[in-house]
Amino acid sequence: MGNVPTTVKHCLSYEQLIEDYPWLRRWLQEDKTITGHAYPEFVKIVEVGPRDGLQNEKEIVPTGVKIQLIDMLSGTGLSVIEATSFVSSKWVPQMADHTDVLRGIQKASNVQYPVLTPNLQGFQDAVAAGATEVAVFGSASETFSKKNINCSVDESMLRFEEVINAAKKRQIPVRGYVSCALGCPHEGHIEPSKVAEVAKRLYEMGCYEISLGDTIGIGTPGSMLKMLQRVMKDVPINALAVHCHDTYGQALPNILTALQMGVSVVDSAVAGLGGCPYAQGSSGNVSTEDVLYMLHGMGIETGVNIAKVIEAGSFICSALSRKTNSKVAQARSTACCDASL
Amino acid sequence: MHGRVCPLAVSVPCCYANSAQAFPGKVKIVEVGPRDGLQNEKTLVPTEAKIKLINMLSESGLSVIEATSFVSPKWVPQMADQVEVMKGISRKPGVTYQVLTPNLQGFQAAVKAGAPEVAIFGAASELFSKKNINCSVDESLQRFDEVMKAAKEAGVPVRGYVSCVVGCPYEGKVAPEKVAHVAKRLYSMGCYEISLGDTIGVGTPGSMTKMLEAVIKEVPVSALAVHCHDTYGQALANILVALQMGISVVDSSVAGLGGCPYAQGASGNVSTEDVVYMLHGLGIQTGVDLSKLMDAGAFICQTLNRKTSSKVAQAACKL
């Protein structure tokens, strides 16, 4: 190249560019682009309504209703439904019937039913009840960890290591969650490097997927981008998921940003079940229906039948005597004409 | 790599810093709450409350506020006090108070009442045009020709709106080319800005992008705005892709005022608070003071005896 400065040569080298910017290879290979962005062709939805959703609802839902909800969701095309949590009923009375729920549901052959297992005891109970996948919850915030599960992040990792090791022996996959990925109700701003640190630990311990949770919904596409850029340096993108809360109405643009960065697993809750325990009366989980509407509108496949999810949402809202948080469900039920595309 | 456009070929540092996402540094918010918002609220709001709302909005840093509509009170009783509102508000320097003018008569009344800027509405759907204003799209544009002429003579800027840019409650899907056609007509007639409205909120980043791609071929992107409804919860995602395509003007309504007349109980306009929250989180300047904006939203919701539709407002007072 003659008298070309090294830095310029570096910039002009295609191979070097691909190495420095892994998203570029993906971008160049993807056919599907919108506004020059590449989007995944398929997005896996992880339905957390029956666990994360119901856990944050005040009214205790009868076991029969929980089972019916999960059975309805099993028929929608969803491939992952978080069924319950093997946590002490002292702390989470809503999940006291975890064993009955897990044993009572009709497990569809192509659906996974992960359950939360905060410790080894919970894991053992889950296995005894027939669980074939479990999940552990870490936090990117020390204060949140202490207030939520009464121990530091490091101490919680030791607990999870026991669970993961026990799960490995039984070949039970483990999903990891990192809460407060975009902010903490106690600490405020959370450094992306801290999120990356916790995500990396969970991944290296053996979690097959790490779901990054905006626990209080304060994230925006700006903070989501920065956090994902940092985490992607330590955890492969195809092992990442986003769990966005809609407390500030930012969930869908945050999910869109994550998709633009290559994330292809999204957590959501039917009917947007589960308020925000840190802002009473505010919404929490993003609605599965609204997420599906967006994805399908973008030509992204999910395998999920939105109308059946709306039905399941309608069922649980009726049982809870509450309105749905899903705007799609609201609009569909009152629209004078079905003009939705 | 041959034949493929590589963003990095333009500037590596820019892409490395923000992973190939470029956003405008500034976005202008066009606040439509006092007109589009209140027009779709059932409760008739007293004139003094409208004036106070507009004054509070003027203090929040917004630079454009759609104050009222010079339409016949027979059709839109909520806007019957159009003259009193225009004359009663405290006009803050640097803030533009635009008003809707559906025809020449409305335009003349607006100018007489002191309106510095007006707006006209076209539809991208023939059926919607017929059902809404009882004439075809072409006929409506001819009507507006008179308004445009009069506005040019009076030196009054005109903003153009295109409704049903993604979907129509009667026709269903709307062809992007039709939207581009109507937008181009309004622009060549002399409208300085064209606001593209997803009237029933059915758009997604997919349909929004296709529509914008078609329109940007006919109208410069700097003259375009998006007016997204949140009926299906898609507004902020749609606004995000519009920004990524170079759009830097966004319409919204304080407290998300104004439901959807085509889906009772469903939401309509996107909340200005939620839009501003997202933009500020992206480091985009708006000039708006979010807490003053929320004060204005709280005031009008109290007056209307209804809850805010803004999630930011809901969360902020509960944390």
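Q: In which loop of chain B is the place of B:Cys164?
A: In this predicted model, phi of B:Cys164 is near 55 degrees, a positive value in a residue other than glycine. The place of B:Cys164 is in chain B, in the loop between β5 and β6.

Q: Is B:Cys164 buried or exposed?
A: A residue is buried when its relative accessible area is under 20%. B:Cys164 has a relative accessible area of 0%, so B:Cys164 is buried.

Q: Which loop of chain A holds A:Ser321?
A: A:Ser321 is not a glycine, yet its phi is positive, near 50 degrees. A:Ser321 is found in chain A, in the loop between α14 (306–320) and α15 (327–334).

Q: Is A:Ser321 buried or exposed?
A: Exposed means over 50% relative accessible area. The value for A:Ser321 is 64%, so A:Ser321 is exposed.

Q: How many aromatic pairs does a search of the whole structure find?
A: A pair of aromatic rings is described by the distance of the centres and the angle of the planes. Over all chains, the search finds aromatic pairs numbering five.

Q: Are the rings of B:Phe121 and B:Tyr161 stacked or edge-to-face?
A: Planes under 30 degrees apart count as stacked and over 60 as edge-to-face. The ring centres of B:Phe121 and B:Tyr161 are 4.5 Å apart and the planes are at 5 degrees, so the pair is stacked.

Q: How many residues apart in sequence are the parts that the pair of B:Phe121 and B:Tyr161 ties together?
A: B:Phe121 lies in strand β4 (residues 117–123) of chain B. B:Tyr161 lies in strand β5 (residues 158–163) of chain B. The pair therefore ties together parts whose separation in sequence, in residues, is 40.

Q: Which class of accessibility does B:Phe121 fall in, and which does B:Tyr161?
A: The cut-offs are under 20% for buried and over 50% for exposed, with partly exposed in between. B:Tyr161, at 2% relative accessibility, counts as buried. B:Phe121, at 27%, counts as partly exposed.

Q: What is the angle between the planes of B:Phe128 and B:Tyr170?
A: These two residues form an aromatic pair with a centre to centre distance of 6.3 Å. The pair is tilted, and the angle between the planes is 35 degrees.

Q: Which parts of chain B does the pair of B:Phe128 and B:Tyr170 tie together?
A: The two parts are 42 residues apart in sequence. B:Phe128 is buried, with a relative accessible area of 5%, and B:Tyr170, at 33% relative accessibility, counts as partly exposed. B:Phe128 lies in helix α6 (residues 126–133) and B:Tyr170 in the loop between β6 (167–168) and β7 (172–173), so the pair ties together that helix and that loop.

Q: Leaving aside its neighbours within four places in sequence, which residues is B:Ala150 in contact with?
A: B:Ala150 is found in helix α7 (residues 137–154) of chain B. B:Ala150 has a relative accessible area of 18% and is buried. With the neighbours within four places left aside, B:Ala150 is in contact with B:Leu104 and B:Phe107.

Q: What is the C-alpha to C-alpha distance between B:Ala150 and B:Ser60?
A: In sequence, B:Ala150 and B:Ser60 are 90 residues apart. In space, C-alpha to C-alpha, they are apart by 32 Å.

Q: Which residues is B:Ser90 in contact with, leaving aside its neighbours within four places in sequence?
A: B:Ser90 is found in the loop between α4 (82–88) and β3 (96–100) of chain B, and at 47% relative accessibility B:Ser90 counts as partly exposed. B:Ser90 and B:Ser58 are 32 residues apart in sequence and 8.4 Å apart in space, C-alpha to C-alpha. Beyond the neighbours within four places, the contacts of B:Ser90 are B:Asn55, B:Ser58 and B:Tyr97.

Q: What is the radius of gyration of chain B?
A: Chain B has 13 helices and 10 strands. For its 319 residues the globule rule gives 20 Å, and the value of chain B is close to that, so chain B is as compact as a globular protein of that length. The radius of gyration of chain B is 19 Å.

Q: How far apart do the centres of the positive and negative side chains of chain B lie?
A: Chain B has 29 positive and 27 negative side chains. The distance between the centres of the two sets is 1 Å.

Q: What share of the residues of chain A count as buried?
A: Chain A has 15 helices and 11 strands. Of the 341 residues of chain A, the share that count as buried is 58%.

How values were computed: Residues numbered from 1 in each chain as written. Chains lettered and ligands numbered in written order. Predicted model: local features only at pLDDT ≥ 70, side-chain atom pairs only at ≥ 80, totals over all residues. Heavy atoms only, no water. Helix = DSSP H or I, 4+ residues; strand = E, 2+ residues; numbered from the N terminus. Rg over C-alpha atoms; globule rule 2.2 N^0.38 Å. Lys, Arg positive; Asp, Glu negative; His and termini not counted. Charge placed at Lys NZ, Arg CZ, Asp CG, Glu CD. Phe/Tyr/Trp six-rings, centres within 6.5 Å; stacked < 30°, edge-to-face > 60°. Buried < 20%, exposed > 50% of the residue type's maximum accessible area, 1.4 Å probe, protein only. Contact = heavy atoms within 4.5 Å.
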